[in-house]
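The sequence and structure are shown first, and the description follows.

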Amino acid sequence: EGGGNMAGDPEGLCGAGAGGLSLLGLAPGAPSCPHGPALLFVKTSQGKAEGRRFYACSACRDRKDCNFFQWEDEKVSETRHAAREEYNRNHQPFFTHRQNVERYKNFVLLPLSKRRFCQECQQLLLPAEWQKHSNHQFLCDISTAQLKSPSQLLYPLENKKTNAQYLFADRSCQFLLDLITDLGFRRVLSVGTPRLHEIIQSKASQEEDFRVRSLLLDIDFRYSQFYAEDEFCHYNMFNHYFFGGEAARETCRKFLYQDNGERVIMVTDPPFGGLVEALASSFKKLMAMWKETEKGHNNQEMPMFWIFPYFFESRILECFPSFSMMDYQVDYDNHALYKHGKTGRRQSPVRIFTNLTPSMIVLPVEEGYRFCAICQRYVSSGNQHCEICNSCTSKDGRRWKHCVLCKKCVKPSWFHCNNCNCCALQNHACEKTDAGCFVCGKAGHKRSTCPSLSST
């Protein structure tokens, strides 16, 4: 699930446009790395309109995790191309998904005393493999309950930008599931939300009248050890790449087909260091896949919950104008900062963006959420309706104040600065505004709003 380099990124520097880079997207015939087709970027340097274009890994923003790099106009020799193909092959998982399913069937037949899990290789072990892993740390007596909760058995991959597996806390997971069932959805396309998938699978196997089903799409192949081929697809949400090829794509298509009128919703919780534009592009392709399955969708969009920090709101709305942001604070088990119930700046900044009608999203009153009759949506207790803006304006759970000069509500810790002609923190450095934009060198705007970036 989500997470990422996230102490607060109001400039959206994790997205396109960071450090003079702009995303151009998926290009036809793009070269591939072990994570599927690479994305095309353009380097923009100060004072110049556009620099040289290059391909880089879609999933890893850190060169240490995947060092794939190629200039767009670079001629790649046949030898180098063959070496790259070989490298990509060698960096695929040791077992296929089908082999993992067979291994799981054999594993569950073993008596408890013979069920071992290698912590170093993150792999279920069959007795014949014990010797090979004899120097490794492993867990013994793996119970059925542990096998049904793989997200707790596996180490979270806390690499911030690629995986960032900060897993939903039980409170948030339960809330999402209750909301999904109350809204009448019976199928959940779980894109990068292993814990939600897990809780749905577990309930479905235990409760006869529980009708919700889930398909997990995730870049973490370790989950293939625990789920059948119609329950999990190895998927990269940054370039809409199914590692299992056409068969996996077909599994997804089949799941999205609304059999007997069973409504589908997509729930996604991407790494927060990911590029919003790349994610949006993939989500639109999944939505299109849903549209193709049923001719009756007309101009409808596939219902969706995108879980992401509130300071990416403008970016998300740019990609999906039909979305709106809910006030519900999503929190995570293994993230020090994003815990529910904290106050002030330490509250979780993670929200739900959705294309469903806001009034339908009922938030728990016992947690302090209330319904605003004017805005026709549930808001947090500190989010007071501003008469001038005619909206509940707070984004972070605190009560915001209206600035007459800025003609909008601002954070309570901000004050109007006459030098900058806008609201900012009291101890901010005004002179920085004269330095000009990092991308184009012109004054009057920051790099996040540079016109030369939006034009690409």
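## Basis of the model

The model is predicted: local features require pLDDT of at least 70, side-chain atom pairs count only at pLDDT 80 or more, and totals for chains, interfaces and linings use all residues. Residues are numbered from 1 along each chain as its sequence is written, and side-chain values use heavy atoms, with hydrogens and water left out.

## Overall architecture

The secondary structure of the chain comprises 10 helices and 25 strands. Helices (H or I, at least four residues) and strands (E, at least two) are DSSP runs, numbered from the N terminus. Of the 456 residues in the chain, 50% are buried. Buried denotes under 20% relative accessible area, exposed over 50%, and partly exposed the range in between (1.4 Å probe, protein chains only).

Among contacts in the chain with a separation of 6 or more, 59% are between residues 24 or more positions apart; a contact means heavy atoms within 4.5 Å. Proline 309 lies in strand 15 and is buried, at 0% relative accessibility.

## Helix 5

Helix 5 (residues 170–182) has 13 residues, which should span 18 Å at 1.5 Å a residue; its end C-alpha atoms are 18 Å apart, in agreement. The expected span is 1.5 Å times one less than the number of residues. Glycine 184, with a positive phi near 90°, follows helix 5.

The buried residues of helix 5 are Arg171, Ser172, Cys173, Phe175, Leu176, Leu177, Leu179 and Ile180. Their packing partners are strand 10, helix 6 (194–206), strand 14, strand 15 (304–309) and strand 17 (350–354).

## Helix 7

Helix 7 (residues 245–256) has 12 residues and reaches 17 Å from its first C-alpha to its last, close to the expected 16 Å. Within helix 7, Ala248, Thr251, Cys252, Phe255 and Leu256 are buried. These residues lie on the same side of helix 7 because they cover an arc of only 130° around the axis, the arc being that of the directions from the helix axis to the C-beta atoms. Glu246, Ala247 and Lys254, on the other side of helix 7, are exposed.

The buried residues of helix 7 pack against several elements: strand 10 (185–191), strand 11 (213–218), strand 12 (232–236), strand 13 (241–242), strand 14 (263–268) and helix 8 (276–293).

## Cysteines

The whole structure contains 0 disulfides, a disulfide being a pair of cysteine sulfur atoms within 2.5 Å. The sulfur of cysteine 60 is too far for a bond, because the closest cysteine sulfur, in cysteine 57, is 3.9 Å away. Cysteine 422 is likewise in no disulfide, and the nearest cysteine sulfur, that of cysteine 420, is 5.1 Å away.

Cysteine 60 is buried, with a relative accessible area of 8%, whereas cysteine 422 is partly exposed, with a value of 31%.

## Aromatic pairs

A search of the whole structure finds 21 aromatic pairs. Rings of Phe, Tyr and Trp (its six-membered ring) pair if their centres lie within 6.5 Å; planes under 30 degrees apart count as stacked, over 60 as edge-to-face and the rest as tilted. Tyrosine 223 and tyrosine 227 form a stacked pair, at 6.4 Å centre to centre with 15° between the planes, and both are buried.

Ring pairs also link a cluster consisting of Phe168, Phe272, Phe283, Trp306, Phe308, Tyr310, Phe311, Phe312, Phe320, Phe323 and Tyr332.

## Loop residues

Asparagine 239, in the loop between strand 12 and strand 13, is buried at 4% relative accessibility. Its side chain is joined to that of asparagine 236 by a polar contact of 3.2 Å. Such a contact is a pair of N or O atoms within 3.5 Å; within protein, one must be able to donate a hydrogen and the other to accept it, and residues adjacent in sequence count only if both atoms are side-chain atoms. Leaving aside residues up to four places away in sequence, asparagine 239 touches Leu26, His35, Gly36, Pro37, Leu39, Ser58 and Ser282.

Most residues other than glycine have a negative phi. Aspartate 141, not a glycine, has a positive phi of about 50°; this residue lies in the loop between strand 9 (138–139) and helix 3 (144–147) and is partly exposed, at 41% relative accessibility. Asparagine 390 also has a positive phi of about 50° although it is not a glycine, and is found in the loop between strand 20 (385–386) and strand 21 (391–392).
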